[in-house]
Amino acid sequence: MSPIIEKYIEIVKKRNPGEIEFHEAVEEVLESLVPVLEKHHEFVENGIIERLIEPERQITFAVPWIDDNGKVQVNRGFRVQFNSAIGPYKGGLRFHPSVYIGIIKFLGFEQIFKNSLTGLPIGGGKGGADFDPKGKSEREVMRFCQSFMTELQRHIGPDIDVPAGDIGVGGREIGYLFGQYKRIKGNFQNGVLTGKGIGWGGSLVRTQATGYGIIYFVREMLKANNETIKNKKVVISGSGNVAIYACEKAQYYGAKVVAMSDSNGYILDEDGIKLDTVKKIKEVERKRIKEYVKYHTNAKYVEGGCIWEIPCDIALPCATQNDINAESAQKLIDNGVFAVGEGANMPSTIEAIKLFQKNNILLAPAKAANAGGVATSALEMSQNSMRLSWTAEEVDAKLDGIMTNIFKTCDKASKEYGMPKNYVAGANIAGFLKVANAMMAQGV
Ligand code: NDP
């Protein structure tokens with residue numbers, strides 16, 4: 001490791017013991033920033049990195065609620081407001097039993113650079129709770145969201161911090177959260193949350209935006225390398241919001257998506273995944289992916305299997321962090337993968353990224369490739385401020401333009417710093433420079 005970043009990594013490890021995901025996220029970003037710090041001493045002299053690795057504010061709170069049996073339950077809620085140099089904090093809320101401060105900090109840290117890459121005025125933040133919506137009744141989810149917002153409301157606002165969804169937080173949860181915010185504040189400030197329903201301030205295409213955006217980015221990356229998505233065999237992990245719409249857009253461009261998964265196992269349909277069936281199972285019935293084989297008997301379901309053992313041309317990890325480790329990466333490479341588009345946040349471990357790079361696999365890094373969701377959230381904020389709604393075509397065209405521009409920005413930065421085709425470095429550098437320059441301008 002370069003001595004110029006070693007001291008920062010030490011600070012992060014010492015100040016945040018046991019927060020492994022956060023350590024990894026910082027290390028991954030700082031490693032790509034070495035040439036920038038060597039060239040721009042002013043960032044080192046002005047403590048820009050020390051300030052970037054310490055959240056501006058982090059809030060932990062109790063979320064007490066009453067389950068359907070009348071029993072009191074208590075979860076832990078978080079909001080980390082990481083950096084506001086270029087705009088109000090912006091980032092999703094994750095409800096999942098694995099959530100703890102280390103996960104929220106890793107996601108919040110990544111969000112700073114992702115939001116910067118969109119070219120829109122949004123700072124970085126993230127939040128969530130160790131609540132598991134799975135198996136809970138509608139009423140339990142509602143009571144939980146109301147209790148969560150009862151505390152969160154004092155820390156957020158349309159010009160302060162604007163949360164959105166993430167794993168376990170979709171349109172339903174955003175609805176309950178907004179209802180409680182409105183009740184407490186006594187006014188209709190719908191710019192406080194994004195991912196809202198279309199009838200009350202939501203943006204068309206927000207639901208599809210992250211998934212579509214990944215494919216727009218991958219399309220540009222392949223184009224720059226004389227390749228296309230058409231007729232390629234694609235494997236997608238996950239079957240949630242991001243996975244479903246990445247699949248939809250990949251199929252639109254003529255790809256053959258053969259596999260998808262959830263945390264129990266994967267389905268393999270060599271004839272091509274029938275997305276309507278996946279949507280019905282996941283979006284309407286909220287059931288497990290294994291149900292798919294009941295509708296399509298030619299497909300097979302593998303309980304607990306590793307989806308990355310399936311040979312493919314393009315891999316799209318769209319489930320969760322650390323989904324592709326070194327072993328899975330090697331399997332993909334041995335089976336002929338030539339491009340990876342990261343839909344989830346930090347889905348490849350640092351070792352997996354190194355293996356992809358060593359083998360010249362085209363890698364679309366999460367903080368650039370999945371920025372379409374937050375970019376469209378920022379478009380939702382614009383529409384809320386203007387009190388008007390754009391058509392689906394208008395939003396989709398803006399999203400496509402933003403993703404194309406993000407690719408070009410990453411490509412340019414990677415070339416400028418002598419690492420052509422290293423889009424991981426390009427994304428980190430371009431995202432960092434805008435924030436660092438704003439921090440310099442605004443003083444300590
Ligand atoms: P969803 O909750 O809609 O879906 C998550 C999917 O991943 C589900 O299929 C889930 O399976 C699977 N999954 C979750 N945890 C695990 C695990 N530990 N092992 C295997 N599979 C798992 O979330 P999203 O689609 O919204 O988010 C997916 C990823 O994309 C996350 O990393 C998120 O941070 C990132 N992201 C999301 C954005 C958005 O707009 N939604 C924006 C940018 C990034 P199961 O149902 O079994 O839990």
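What is the handedness of the crossing in which H12 passes H13? The model is predicted.

1. **H12 and H13: geometry.** The crossing is right-handed as H12 passes H13. H12 covers residues 326–334, and H13 covers residues 350–358. Their axes come within 8 Å and cross at roughly 25°. Angles under 35 degrees count as roughly parallel. H12 and H13 are therefore roughly parallel to each other.

2. **H12 and H13: residues.** From H12, the contact takes Ala 326, Ala 329, Gln 330, Leu 332 and Ile 333. H13 supplies Glu 351, Ala 352, Leu 355 and Phe 356. By class, this contact has seven nonpolar residues, one polar and one charged.

3. **H8 and H15: geometry.** Two packed helices are described by the angle between their axes and the distance between the axes. Here the partners are helix H8 (residues 206–224) and helix H15 (residues 372–386). They pack at an angle of about 145°, and their axes are 7 Å apart. H8 passes H15 in a right-handed crossing.

4. **H8 and H15: residues.** Arg 206, Ala 209 and Thr 210 make the contact from H8. On H15 the residues are Gly 372, Gly 373, Thr 376, Ser 377 and Glu 380. The contact of H8 with H15 divides into one nonpolar, five polar and two charged residues.

5. **H15 and H16: geometry.** H15 also packs with helix H16, residues 392–416. The two axes come within 10 Å and cross at roughly 135°. That makes H15 oblique to H16. The crossing of H15 and H16 is right-handed.

6. **H15 and H16: residues.** H15 brings Gly 372, Ala 375, Thr 376, Leu 379 and Gln 383 to this contact. H16 brings Val 395, Lys 398, Leu 399, Ile 402 and Met 403. Six of the residues are nonpolar, three polar and one charged. Gly 372 and Thr 376 of H15 belong to this contact and also to the contact with H8.

7. Rolling a probe the size of a water molecule over the atoms shows where empty space is left. How many cavities of 30 Å³ or more are there? The count comes to two. The largest cavity has a volume of about 80 Å³. Its lining consists of Glu 28, Glu 110, Glu 342, Met 346, Ser 348, Ile 353, Pro 365, Ala 366, Lys 367 and Val 424. By class, that lining has five nonpolar, one polar and four charged residues.

8. **The second largest cavity.** This cavity holds about 30 Å³ of space. Glu 24, Glu 28, Met 346, Ser 348, Thr 349, Ile 350 and Ile 353 line it. Helix H2 (20–39) and H13 are the elements that give two or more residues to this lining. Three of the lining residues are nonpolar, two polar and two charged. Glu 28, Met 346, Ser 348 and Ile 353 line the second largest cavity and also the largest cavity.

9. **The second largest pocket.** About 320 Å³ of space lies in the second largest pocket. It is lined by 16 residues, and the closest to its centre are Pro 158, Gly 191, Met 381, Asn 384 and Ser 385. By class, the lining has eight nonpolar, six polar and two charged residues.

Notes
Residues numbered from 1 in each chain as written. Predicted model: local features only at pLDDT ≥ 70, side-chain atom pairs only at ≥ 80, totals over all residues. Heavy atoms only, no water. Axes fitted to C-alpha atoms, helices over the stretch in contact; angles between N-to-C directions. Helix = DSSP H or I, 4+ residues; strand = E, 2+ residues; numbered from the N terminus. Parallel < 35°, antiparallel > 145°, perpendicular 65-115°, else oblique. Left-handed = near helix turned anticlockwise from the far one by under 90°. Contact = heavy atoms within 4.5 Å. Nonpolar A, V, L, I, M, F, W, Y, C, P; charged D, E, K, R; others polar. 1 Å grid on protein atoms, 1.4 Å probe; cavity = no way out; pocket = protein on both sides within 12 Å on 5 of 7 lines; lining within 4 Å. Points joined across faces, edges and corners; volume = space filled by probe spheres on them.
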